[in-house]
Amino acid sequence: MAFLRLENLEIFYGSVQALKGISLTVNEGEVVALLGANGAGKTTTLRAISGLVGIERGEIHFDGELLNSVPAHEIVGRGIAHAPEGRKIFSTLTVEENLNLGGYSRGKDKEGLARTKKYVFELFPRLSERKHQLAGTLSGGEQQMLAISRALMAKPRMLLLDEPSLGLAPLLVQNIFATIKEINEEGMTILLVEQNAKVALKTAHRGYVLETGKIVLEGTAQDLIADERVRKAYLGEK
Amino acid sequence: MEMFFGQIINGITIGSIYALVALGYTMVYGVLRMINFAHGELFTLGAYMAFTMIVSMNLAAYIPNAVVALIVMAVMVAGLVAIVGVLLERIAYKPLRQSGRLAPVISALGASIFLQNAIMLIWGANYKVFPEGVVPSITWEIGGVSITLMRVLILSTSLTLMIALYVLIQRTQVGTAIRACALDHDTARLMGIDVDKIIRLVFIIGPALGGIAGMMVGLYYRQIGFTMGWHYGIKAFTAAILGGIGNIPGAMVGGLILGVAESLGAGYISNAWKDAIAFLILILILILRPTGLLGERVAEKV
């Protein structure tokens, strides 16, 4: 059975329909990529899962539970952590305070939090060096590391990653995706939103292609990479 | 020189009261980006509740030690004003949370008028006068400057409350959550922070501090009126702007600077210029440094 399942999800911003009936599944242990151009509805899909936008029609199920009416601040406690678009780190807080907030939903589990913090510092040693620095002073790549680490601090069962490659130099993108792969190999289920289809499909097992609020294509990563439409539209081939 | 130090102490005393009230403005602005114009009335409410406890109910008679009695009453005043603060948020602001920025401001002005009139209807339109000796009139002479117990109490209370608040905001998880909410509600929610709960907490802390400040002003000047909140409110608002609205240490610093500036102006120029100096500071800050002395400077990278 699917770990995360969206069924005919419809979302409106005022009178504009952002999602026009999206159905997708993510199985436990998978990396699934959600591809598409700007405004296709990728970010909206993640925000809907996290409870940040209201659902007009359709259902979101996670691990057998209906998430539709769960308030946003309880989603992370259910096991889904979200590293949002544009990183959205708390810039005037220190790196460590950002991480502590990432573990907010775990309450007073001090030992567990310390273990997870040690784990993310091993994943991203740069953050450990800079833990007392204000997060706003980090470079773009470090901020992305922080956004992912902050999500991991919740000790989630599933990660939502929104455009981890945004605004980063190619080498840095490769590093970040290597780490995403590493996190997945340790058992984490990941739903990944990306405009950079090439790098996303290298990491993902399966993918969906969104166009103006609808899924137009789905398949395994190999199939999508081989698909002519994907190659033309998203991999920049003629 | 003695006059100078005398005025400085005057200024710090009144400044610490401005600071306490300013914290309420700045914390609400921090998490909601709105000015709670009804905050001055919560300050007034604190003064009147203290008046009722001290004069009408004569609570001090039940507690032998005057200072202990004052502390007990301050806690009660803080609690009661905090309840009104939470109700205010629930009734006048929360329903308008999604309605843009203008609607809550108008609602705040309405709430301010409502509370001011409610205070007038409950306690009457005449000035109320606190009896003498509620705070024992003990005076110390230090280097030619006389310091009263009243001032010591105001300063120590304000300072204690400000340090406690600073520690809460900077050193605890809930304080970090408040700071996170001030930066970004949605991302705070992703962390599992119940933003509504944090906003409620801010409407407990701010009004509680404002209520205690009102009580201290009542005891210090011994005369209160139902419009006093407007006057102190706008001074405290100036202090919050001066320090950088939304910035908690800024409100503390802004209050003290404003109090001292006003007091020195009153001493060396003329008492009539006191308010003019305060508002001159407000205008200068708005023109020269709208973000205030400690306003945010860290730019967000995208």
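This is a predicted model: local features need pLDDT of at least 70, side-chain atom pairs count only at pLDDT 80 or more; totals for chains, interfaces and linings use all residues.
Student: Which strands of chain A does helix α1 lie across?
Tutor: Helix α1 (residues 42-49) of chain A lies across β1, β2 and β4 of chain A. Its angle to β2(A) is about 70°. Axes are lines fitted to C-alpha atoms, for helices over the stretch in contact, and angles run from 0 to 180 degrees between N-to-C directions. Contact means C-beta atoms, placed from the backbone, within 7 Å. Helices (H or I, at least four residues) and strands (E, at least two) are DSSP runs, numbered from the N terminus.

Student: What's the strand order in the open sheet of four strands?
Tutor: In chain A the order is β2-β1-β4-β5, with antiparallel pairing. Strands pair if DSSP finds at least two bridges between them.

Student: Why is one side of β2 and of β5 in chain A left without a neighbour in the sheet?
Tutor: β2 (16-26) and β5 (65-66) of chain A are at the edges, so each has a single partner strand.

Student: And how many bridges join β1 to β4 in chain A?
Tutor: Five, between β1 (residues 4-13) and β4 (residues 57-62) of chain A. Leu4(A) has Phe62(A) as its bridge partner in β4(A).

Student: New topic. Which residues of β6 in chain A are buried?
Tutor: Ile80(A) and His82(A) are buried on one side, Ala81(A) and Ala83(A) on the other. Buried means 20 or more other C-beta atoms within 10 Å of a residue's own, with C-beta atoms placed from the backbone.

Student: What does β6(A) join?
Tutor: Four bridges link β6(A) to β7 (residues 158-162) of chain A, and the two run parallel. His82(A) stands opposite Leu160(A) in β7(A).

Student: How is chain A divided?
Tutor: Into domain 1 (1-79 + 157-238) and domain 2 (91-155). The bounds come from an automatic or database domain assignment. The C-alpha centres of the two domains of chain A lie 23 Å apart.

Student: How many residues are in contact there?
Tutor: Ten residues of domain 1 of chain A touch eight of domain 2 of chain A. On the domain 1 side, α7(A) gives the most, with three residues.

Student: Last one, chain B. Is α2(B) mostly covered or uncovered?
Tutor: Mostly covered, with 15 of its 18 residues buried. After α2(B) comes Asn58(B), with a positive phi near 50°.

Conventions. Residues are numbered from 1 along each chain as its sequence is written. Chains are lettered from A and ligands numbered from 1 in the order in which they are written. Two residues are in contact if their C-beta atoms, placed from the backbone, lie within 7 Å. A residue is buried if 20 or more other C-beta atoms lie within 10 Å of its own, exposed if 12 or fewer, and partly exposed in between; C-beta atoms are placed from the backbone.
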